Amino acid sequence: MDKIYTHPRALRKTVTHYCPGCGHGILHRIIAEVVDELAIREKVIGIAPVGCAVIAYDYWDFDCSEAAHGRALAVATAIKRVRKENIVFTYQGDGDLAAIGTNETIHAANRGENLTVIFINNAIYGMTGGQMAPTTLLNQKTATTPKGRNAQLQGYPLKISEMLALLPGVKYIERTSLHSPQEIIKTKKAIKQAFLNQVENIGFSLVEVLSPCPTYWGISPSQSLNWIRDTMVKEFPLGRIK
Amino acid sequence: MRQKSIKKILISGNEAIAEGAIRAGCTFYAGYPITPQNELIGYMAEHMQDRGGVFIQAESEVAAINMVYGAAATGVRAMTSSSSPGVSLKQEGISYIAGAELPVVIVNIMRGGPGLGNIWPGQSDYFQATRGGGHGDYRCIVLAPANVQECYDMMILAFNLADQYRNPVLILGDAMLGQMMEPLNTSTKFVIKNVDKSWALTGCKDRKPNIVKSFYMVKGDLEKFNLKLQKKYEALQAKEERWEEFLVKDAKLVLVAYGSMARIAKAAVKTLRLKGKKVGLIRPITLWPFPKQAFKKPKDKYLVVEMSYGQLIEDVKLSLSVNAQVGFIGRAGGGFPSEEEIIVKANKLYNG
Ligand SMILES: Cc1ncc(C[n+]2csc(CCOP(=O)(O)OP(=O)(O)O)c2C)c(N)n1
């Protein structure tokens, strides 16, 4: 009989600290599965962000480094440059990658660093209590946009993946979502591609994943999935960007 | 008999630091241009790659310090350099490096401040360098070279100390030292002390995964870690104090100065000695740990000479167990006490 379910070797057997309905746990598992399938556990080095996923290294069972808030791609750049034989990836939230770390993101991409980036867009700052993120939608209420995001005051949702696609150093960008099993399968496919690209020395690859945050969206886990499907994807269309 | 000739090259302090770092086994450098340390990044750009290392011109000092964090996390010898405003930007990163216990060397070729200030020599970043600089209870090992030869020779010490103590090491120079050219003898033998780096990120082949981090969520863990750091700092204070003494033994008045300021102070001491004044000089070489032992047998009088407004003097006073008379002369913002100004002040203190 074929074994169709098993605990990934690259994922520790432990309970996570994430809220019910959060997308981080799903993404950690997908990454662990991809690491197993590509047989790279012994050479992968993950960079955890500052954000809800700061202790991702307590869940993954391979070498990891923490990076200061927003600096994951500077840390990853150096690691990959001195250890080309390793597979280096960053795992970053929207605040980490597209607000405080925008500079590091753009320049690592523009240098065409041979890195894999997993970018979790939950349209909010989870760790600090639900403040506006650069990706917060117009009219979306957050702790710092109590009346909803107003374009005149807070600008528009930042489409950093589309911006990065303009750079010649960037080889692959895809936006996926976690709002249904089918989308989760697509997410895994994209993440595997982004890792494979590094294995094959193709260059800078990024997967943006729309991910639910029921706690700070103030709705139930199932409503959160619907909100991604019906509202968030209109601002952040899914599919291959580059 | 013919003397064996020692080959010397004419080189700036900035370049001597760069060459010293490469010979000390530095294989990763990231930096962002800023005067007066541009010769350093320029030298690294020219030589690093050809000699098997990695050079990156970073997009900012913030990126540069986080790049050396990453490189050091894999176990290689890594360095960044900058000048005052850029070193201010690096402070968060230095705190993370101290917190993750990574061996990194950081060079600050100080200029005038605050703010954009100017590009003239200064020593106004003394507090920032010796008190940690960023957030949290941590210390950098701080080395202060005073001439081009020392800029070079000190790099092997810097990297060895960084590795041995898993701690950031700061080289604190200034525009005068960075820019001045002097003959350099590069025949000094550098002994790279290889230490165990089994904590480094290399991929978890045949071992448990390694994690480089400074985050401690479980109550009590961070306090425990801080106590471990304090132990390390006590060991550093006990074992690594370094200083130079010049004519201190019979001196009634001892000048205290570091870096290029100490050279001018030394010239003043020599002139005063010619006039029969019993004057000497203590030159701290490690600014942290501060050479407290140099003040163990206190003299009657001290004169602290700085290119800043009363920073070094605090450590001198803290190191004195008795109430000695401690005079001060300092200028900043591009000015520095001249030999003549020092002599006037020293005479007053000596005779007073
Ligand atoms: C320099 C600095 N500024 C601010 C913070 C506080 N902070 C921690 S995480 C975070 C934002 C987290 O949002 P995001 O990156 O979107 O990740 P999420 O928590 O939503 O997964 C902020 C502002 C910090 N740790 N460091």
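## The ligand and its surroundings

Helix H3 of chain A, which spans residues 94–100, gives four residues to the shell around the ligand, and this is the largest share of that shell. The structure described here is a predicted model, and the ligand in it lies between chains A and B. There are 17 residues around the ligand, and those that come nearest are Cys52(A), Asp94(A), Asp96(A), Gly126(A) and Met127(A).

Asp94(A), which is among the residues that come nearest to the ligand, has a polar side-chain atom 2.5 Å from a ligand oxygen. In the case of Met127(A), a backbone N or O atom lies 2.9 Å from an oxygen atom of the ligand, while for His24(A) a side-chain N or O atom is 3.0 Å from a ligand oxygen. On its own the ligand has 590 Å² of accessible area, and the protein covers 77% of that area.

## Where chains A and B meet

The contact between the two chains involves 34 residues of chain A and 34 residues of chain B. The size of an interface is often given as the accessible area lost when the parts come together. For chain A and chain B, the area buried between them is about 2700 Å², and 62% of it falls on carbon and sulfur atoms. Glu42(A), Asp63(A) and Glu66(A) supply 22% of the area that chain A buries against chain B, which is more than any other three residues supply.

Polar pairings also cross this interface, where 14 residue pairs are found in polar contact along with two salt bridges. Side chains of opposite charge can pair when their charged atoms come close. One salt bridge joins the side chains of Arg111(A) and Glu59(B), with a distance of 2.9 Å from N to O.

On the side of chain A that touches chain B, the elements that give two or more residues are strand E1 (44–48), strand E2 (63–66), helix H2 (72–82) and helix H4 (102–110). The largest share of that side comes from H2(A), which provides seven residues. The residues on this side of chain A divide into 16 nonpolar, six polar and 12 charged.

## Salt bridges in the whole structure

Over all chains, a search of the whole structure finds 34 salt bridges. One of the pairs is formed by Glu113(A) and Arg81(A), whose closest N and O atoms are 2.9 Å apart. This pair links distant parts of the chain, since Glu113(A) is in the loop between H4 and strand E4 (116–121) of chain A, whereas Arg81(A) is in helix H2 of chain A, 32 residues apart from Glu113(A).

## Backbone details

Chain B holds cis peptide bonds that a reader may wish to locate, including the one that joins Gly113(B) and Pro114(B), where omega is about 0°. Pro114(B) is found in the loop between strand E5 (104–112) and strand E6 (118–121) of chain B. Another cis peptide bond joins Trp288(B) and Pro289(B), again with omega at about 0°, and Pro289(B) has its place in the loop between strand E14 (286–288) and strand E15 (301–306) of chain B.

In chain A, Asn201(A) is a residue other than glycine with a positive phi, the value being near 60°. Asn201(A) is found in the loop between helix H7 (181–199) and strand E6 (204–210) of chain A.

Terms used. Residues numbered from 1 in each chain as written. Chains lettered and ligands numbered in written order. Predicted model: local features only at pLDDT ≥ 70, side-chain atom pairs only at ≥ 80, totals over all residues. Heavy atoms only, no water. Near = heavy atom within 4 Å. Polar contact = N/O pair within 3.5 Å; in protein donor to acceptor, adjacent residues only side chain to side chain. Areas by Shrake-Rupley, 256 points an atom, 1.4 Å probe, with all protein chains shown as cover. Contact = heavy atoms within 4.5 Å. Buried area = accessible area lost by both parts, 1.4 Å probe. Salt bridge = Lys/Arg side-chain N within 4 Å of Asp/Glu carboxyl O. Nonpolar A, V, L, I, M, F, W, Y, C, P; charged D, E, K, R; others polar.
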